[in-house]
Protein chains: 2
Amino acid sequence: MAFLKVVPLEEALEVIESFPLERRVEKVPLEETLGRVLAEDVVSPIDVPPFDRATVDGYAVRAEDTFMASESEPVKLKVIGEINAGDTPTVELKPGESVYISTGAPLPKNADAVIQFEDVDREGDEVIIYKPAYPGLGVMKRGTDIPSGKLLLRAGTRLGFKETALLSAIGFSEVKVFRKPRVAVISTGNEVVLPGTELRYGQIYDINGRAIADAVRELGGEAVFLGIAKDDKDSLKELILKGVECCDIIILSGGASGGIRDLTSSIIGELGKVYIHGIAIQPGKPTIIGLIDGKPIFGLPGYPTSCLTNFTLLVAPLLRKLLGRESEVRKVKKRLAHKVFSVKGRMQFLPVKVEGENAVPILKGSGAVTSFIDADGFIEVHENVEILDGGEEVEVTFFG
Amino acid sequence: MAFLKVVPLEEALEVIESFPLERRVEKVPLEETLGRVLAEDVVSPIDVPPFDRATVDGYAVRAEDTFMASESEPVKLKVIGEINAGDTPTVELKPGESVYISTGAPLPKNADAVIQFEDVDREGDEVIIYKPAYPGLGVMKRGTDIPSGKLLLRAGTRLGFKETALLSAIGFSEVKVFRKPRVAVISTGNEVVLPGTELRYGQIYDINGRAIADAVRELGGEAVFLGIAKDDKDSLKELILKGVECCDIIILSGGASGGIRDLTSSIIGELGKVYIHGIAIQPGKPTIIGLIDGKPIFGLPGYPTSCLTNFTLLVAPLLRKLLGRESEVRKVKKRLAHKVFSVKGRMQFLPVKVEGENAVPILKGSGAVTSFIDADGFIEVHENVEILDGGEEVEVTFFG
């Protein structure tokens with residue numbers, strides 16, 4: 001394996017950007033689209049409502065027939081029928097005629113107003129009207145809510161319950177959404193075991209597998225946790241090949257040992273190509289990025305906070321791109337709660353907790369599980385900055 | 001059916017509060033808990049790390065053996081073995097001894113420091129040390145990250161990827177979470193049909209079924225959409241009984257016709273008890289609340305915005321209670337963008353859109369699908385208020 005130099009973050013991001021992954025689209029039944037991202041602009045194929053619709057229970061009339069009505073000289077119209085919601089009326093109003101109509105029912109031909117039954121009297125087959133109805137009274141006109149041809153939703157919209165309801169309103173039973181990228185998640189380390197097993201002395205429970213798999217799922221991707229690879233070539237290679245077979249992206253997170261890094265790198269080199277072996281950021285120096293069969297593979301650091309920081313910086317933007325969610329804001333400007341010191345010469349990412357308008361640095365060291373639990377995200381400290389003062393404006397990137 | 005009087009909102013909420021529903025708890029495998037709500041306080045059963053752990057690759061030593069070391073008079077220690085991550089060491093250091101140790105490995109007995117291999121020289125079975133190591137150098141002490149017995153997460157916490165990772169870190173493979181309430185969703189109306197079918201003249205596509213089912217799912221509940229009941233007793237009764245059988249809560253949303261309301265009410269009266277038939281709010285006057293076999297049943301208005309407003313006011317708090325999510329903030333204070341008029345004598349809920357610091361009223365009428373699509377939630381206008389001025393502070397309740 002040729003040694004690669006440690007590169008700046010920008011170069012790593014350019015490499016990832018250049019990977020040949022494409023957003024894929026799939027058609028999904030409407031009832032399964034909640035939370036998915038629309039892959040097509042949606043234009044209404046119909047008018048909503050699709051017909052002039054009564055908005056009250058009462059009498060459908062030709063408004064002009066009522067223009068002369070008054071308390072002292074009411075107008076009498078003949079009631080020639082009844083239309084209920086769901087009916088397909090064939091009746092047509094001639095001058096002097098009306099029909100009884102219920103809310104939601106389509107108006108008969110030539111009717112242009114519906115007078116509430118509370119406002120009229122009924123005598124046999126006649127309705128007695130005491131004041132004029134204007135055209136449109138008690139009517140929701142065809143297409144006034146949504147006209148056919150109107151652009152309703154744009155590709156890239158995340159579908160909440162309001163959007164799925166809107167799609168239902170215009171008759172969509174299937175929708176094109178972006179396919180969920182499938183991400184293989186592999187933990188590594190001879191000392192790492194799955195929760196639920198008894199710990200032998202010297203062993204620790206896996207953290208990164210769960211963190212990365214669930215972070216992928218929270219982003220909207222599909223995670224396939226493949227288990228824990230031991231620090232040997234066969235075990236690592238087996239799981240990497242499984243990942244390449246089942247998934248679009250493969251993420252390994254290192255055990256503590258540096259040996260895994262070299263093994264991972266040599267296996268990727270054997271099966272595909274290593275593009276990045278080390279990034280000039282803290283944490284993240286040991287991060288590996290490669291490609292096998294056109295599928296990106298990431299080797300992330302073992303310490304949970306470092307792992308999650310590098311996932312957020314490198315993998316999450318790729319997932320968001322595949323999911324059509326690039327535009328979602330994951331950053332917020334805050335004031336640094338107190339002074340922090342950084343190491344000059346390397347871009348550094350410090351975990352912080354957001355408290356009101358403040359970003360409070362979490363200074364527990366990358367090895368602590370609690371530092372990523374207490375933190376909401378991280379701030380970037382440029383490589384030529386040694387001190388950030390309390391009160392300075394900083395940009396917080398949320399994890400995930 | 002006895003006619004019930006229209007009651008104030010508070011009374012309706014008290015009735016719902018009195019319903020005999022209880023939060024239920026279930027044990028779920030950790031990998032299925034993302035997004036669920038914790039039903040138990042979680043106390044760490046173990047120290048993390050569970051042993052004194054090397055944080056660098058190097059030599060484990062008794063620090064006191066190195067106190068005299070200097071560049072000119074280095075200390076030589078005998079290397080009596082090697083410990084790798086995942087090993088269960090049995091070796092014990094005697095004065096003058098050390099072992100080679102890799103990052104993540106447990107320290108041998110009597111060792112209290114690890115010196116990085118870059119800082120020493122190795123000659124045969126001896127390591128040459130040029131400066132003193134202090135106790136704790138290169139070591140993460142047992143329990144420093146999470147001590148056994150520490151309260152880590154409280155019941156009521158929504159589990160994100162950070163929390164599931166923390167649970168994994170302390171060895172939990174199963175977690176107690178609140179059971180998802182199952183909600184039966186029924187649409188009604190002779191004129192209402194499912195999307196995907198051809199519209200006959202006089203028909204419209206269902207909106208509320210999708211809106212309510214997906215709002216329930218967004219809240220964290222399980223929705224079972226049972227279809228569309230016709231305006232006849234048999235059809236309604238059949239679906240209501242199905243709902244009572246499969247679910248904890250039943251939600252009907254009215255077609256346009258008032259007849260369904262009476263039918264629903266009489267069926268609930270027959271199978272159980274009607275508690276509320278009409279609430280003094282706008283929209284929501286026709287809302288029905290009852291109980292069948294101890295299961296709450298809600299008859300919500302047919303217009304989508306009215307339906308969603310009443311769902312938010314009446315059903316969502318109940319679901320949140322069952323899900324252990326009462327504490328989640330669903331309200332925000334904003335300034336009204338412009339003057340609005342209201343009807344005195346009835347509590348009114350106006351749909352609004354949140355734009356920066358403003359709440360912009362959406363004045364399209366409750367019949368419009370677009371009014372609930374454009375709105376984020378609603379504001380409450382008290383029954384003795386006729387005019388709300390632009391710039392006034394209002395509280396926006398988000399839909400859902």
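A polar contact is a pair of N or O atoms within 3.5 Å, where within protein one atom must be able to donate a hydrogen and the other to accept it, and where residues adjacent in sequence count only if both atoms are side-chain atoms. By this rule, 21 residue pairs are in polar contact between chain B and chain A, both residues being at pLDDT 80 or more. This is a predicted model, in which local features need pLDDT of at least 70 and side-chain atom pairs count only at pLDDT 80 or more, while totals for chains, interfaces and linings use all residues. Residues are numbered from 1 along each chain as its sequence is written, chains are lettered from A in the order in which they are written, and side-chain values use heavy atoms, with hydrogens and water left out.

**Relation of the two chains**

- Chain B can be laid on chain A with an RMSD of 0.1 Å by a turn of 180° and a shift of 0.1 Å along the axis, the copies being superposed by least squares on the C-alpha atoms of residues with pLDDT of at least 70 in both.
- The two copies are thus related as by a two-fold rotation axis.

**Interface**

- Counting contact as heavy atoms within 4.5 Å, 70 residues of chain B touch 70 residues of chain A.
- Since 100% of the interface residues of chain B are also interface residues in chain A, the copies meet through the same surface.
- About 5700 Å² is buried between chain B and chain A, and carbon and sulfur atoms give 62% of that area; buried area is the accessible area (1.4 Å probe) that two parts lose on being put together, summed over both.
- Within chain B, the residues that lose the most area to chain A are Phe161(B), Lys162(B) and Tyr201(B), together 13% of what that side buries.
- Four salt bridges are found across the interface of chain B and chain A, each a side-chain nitrogen of Lys or Arg within 4 Å of a carboxyl oxygen of Asp or Glu.
- One salt bridge joins the side chains of Lys162(A) and Asp376(B), at 4.0 Å from N to O.

**A sheet in chain B**

- An open sheet of six strands in chain B has the order S7-S4-S6-S5-S9-S8, with mixed pairing; strands are DSSP runs (E, at least two residues) numbered from the N terminus, and two of them pair if DSSP finds at least two bridges between them.
- The edge strands, each pairing on one side only, are S7 (113-116) and S8 (120-123) of chain B.
- Strand S5 (residues 75-83) and strand S6 (residues 97-101) of chain B run parallel and are joined by four bridges, with Lys78(B) standing opposite Glu97(B) in S6(B).
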